[in-house]
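Dear colleague,

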Amino acid sequence: MRTRSVTTALGALCLLAVCVLAASPVNAQPIIRHGIDAFRTPSIPPTDMDFGTDPIPAGFFCSGSEPFTKTLHLVGVPVDTVPANVLNGADTVIERLQDVNLISGSGSTAVVVRALRLTGADTIIVSCPDEGETEWKVDACLCGNQPTSQLHLTFDAACGCGVANGSLRLNVCLRFTRVDTGEVLGPLSRPVELLVQNMPWCEKAGPGHLSVAGPISVSSGCTDCDQKASSLPGTSNFYPGLSCSTQTVDCWTLFGHLTRCHNSNTPGHPHCVNPICSREQP
């Protein structure tokens, strides 16, 4: 399975609305507090899972089906939370397990992926010798025990921002549902590693970002996966996707293009939601 590279909050994952509750003064080496980071996987481009080197076995979908070696294109599905919708549509939640003291200019923390929900951008077609072409919907979620990874943070005291490097390892299960009959196959387990390469972050949120206070109950799996709800802390003073050059830029200037609108009860006044900035557009 091909790994996925996370270079910015708007690359492989889209940072969700968060803002600092209490932060160290700019130009001081901060202590980055234990907390969560919530992300939203963009639909364009989707996340790819490549089965070219690790195919789904022959006969998995039906008697005589060929090994599946194609690429699945996946998009995010909001995870279930209590309070409801507190993460504003996040499909991926990561927990940083320790405080990180950056007095030396760098430090590391253990991280665990706590929630993941994805679904196929399209259905897949599988040829069955006795039936012809069959159509399947795919869903992905966490399953089983999740491994612990390391994230290394460096800090630039000149502006209160830095970069993060490391990887995120997780165990993902795939579930396939046949469109015409509702037959369900799986879950099929696959390990995944997401590379984090020079991902910018700041210890303070930019203007217009939301705050998320804990505790938050997050359902980390989906139907037929064996994960249960976890109680997690809120966000802290760590904001992926911001950098020295963007830290003071208004949120709507940076992320306004992500706004999505739908009809409301008032004709001519659609309701618009942005996954990062506050819900009310200025």
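**Salt bridges**

Arginine 96 is buried, as its relative accessible area is 1%; buried means under 20% relative accessible area, exposed over 50%, and partly exposed in between, with a 1.4 Å probe and protein chains only. Please note that this is a predicted model, in which local features need pLDDT of at least 70 and side-chain atom pairs count only at pLDDT 80 or more, while totals for chains, interfaces and linings use all residues. Residues are numbered from 1 along each chain as its sequence is written, and side-chain values use heavy atoms, with hydrogens and water left out.

The partner of arginine 96 is aspartate 37, and the closest N and O atoms of this salt bridge are 2.8 Å apart. A salt bridge is a side-chain nitrogen of Lys or Arg within 4 Å of a carboxyl oxygen of Asp or Glu. Because aspartate 37 lies in strand 4 and arginine 96 in strand 8, the pair ties together parts that are 59 residues apart in sequence. Strands (E, at least two residues) are DSSP runs, numbered from the N terminus. Aspartate 37 also counts as buried, at 6% relative accessibility.

The search of the whole structure finds 9 salt bridges. One of them joins the side chains of aspartate 99 and arginine 33, at 3.3 Å from N to O. This pair links distant parts of the chain, 66 residues apart: aspartate 99 is in the loop between strand 8 and strand 9, and arginine 33 is in the loop between strand 3 (31-32) and strand 4 (35-40). Aspartate 99 counts as partly exposed at 41% relative accessibility, and arginine 33 is likewise partly exposed at 41%.

Aspartate 80 and arginine 117 form a further salt bridge, with their closest N and O atoms 3.8 Å apart. Here aspartate 80 lies in the loop between strand 6 (71-76) and strand 7, and arginine 117 lies in strand 10 (residues 106-120), 37 residues apart. Aspartate 80 is partly exposed, with a relative accessibility of 46%.

**A buried charge and a loop glutamine**

Which side chain of opposite charge is nearest to aspartate 91? It is arginine 40, 5.8 Å away, and aspartate 91 is buried yet has no salt bridge; in this count Lys and Arg are positive and Asp and Glu negative, with His and the chain ends not counted. Aspartate 91 is placed in the loop between strand 7 (81-82) and strand 8. Its side chain makes a polar contact of 2.8 Å with the side chain of threonine 92. A polar contact is a pair of N or O atoms within 3.5 Å; within protein, one must be able to donate a hydrogen and the other to accept it, and residues adjacent in sequence count only if both atoms are side-chain atoms. Beyond its neighbours within four places in sequence, aspartate 91 is in contact (heavy atoms within 4.5 Å) with residues including Phe39, Arg40, Val79 and Arg117.

Glutamine 98 is found in the loop between strand 8 (92-96) and strand 9 (100-101), and counts as partly exposed at 37% relative accessibility. A polar atom of the glutamine 98 side chain lies 2.8 Å from the backbone nitrogen of alanine 110. Not counting residues up to four places away in sequence, glutamine 98 touches Ile32, His34, Thr109 and Ala110.

**Aromatic pairs and nonpolar cores**

The structure holds 8 aromatic pairs in a search of the whole. Rings of Phe, Tyr and Trp (its six-membered ring) pair if their centres lie within 6.5 Å; planes under 30 degrees apart count as stacked, over 60 as edge-to-face and the rest as tilted. The rings of tryptophan 201 and phenylalanine 238 have centres 5.2 Å apart and planes at 35°, so this pair is tilted. Both tryptophan 201 and phenylalanine 238 are buried. Phe51, Phe60, Phe61, Phe68, Trp136 and Phe176 form one aromatic cluster.

A nonpolar core is a set of buried Ala, Val, Leu, Ile, Met, Phe, Trp, Tyr and Cys residues joined through side-chain atoms within 4.5 Å. The largest has 39 residues, of which Phe61, Leu153, Leu174 and Phe176 touch the most other members. Strand 15 gives the largest share of this core, 7 residues. A second, separate core of 11 residues includes Val79, Ala90, Val212 and Val218.

With kind regards

Terms used
Helices (H or I, at least four residues) and strands (E, at least two) are DSSP runs, numbered from the N terminus.
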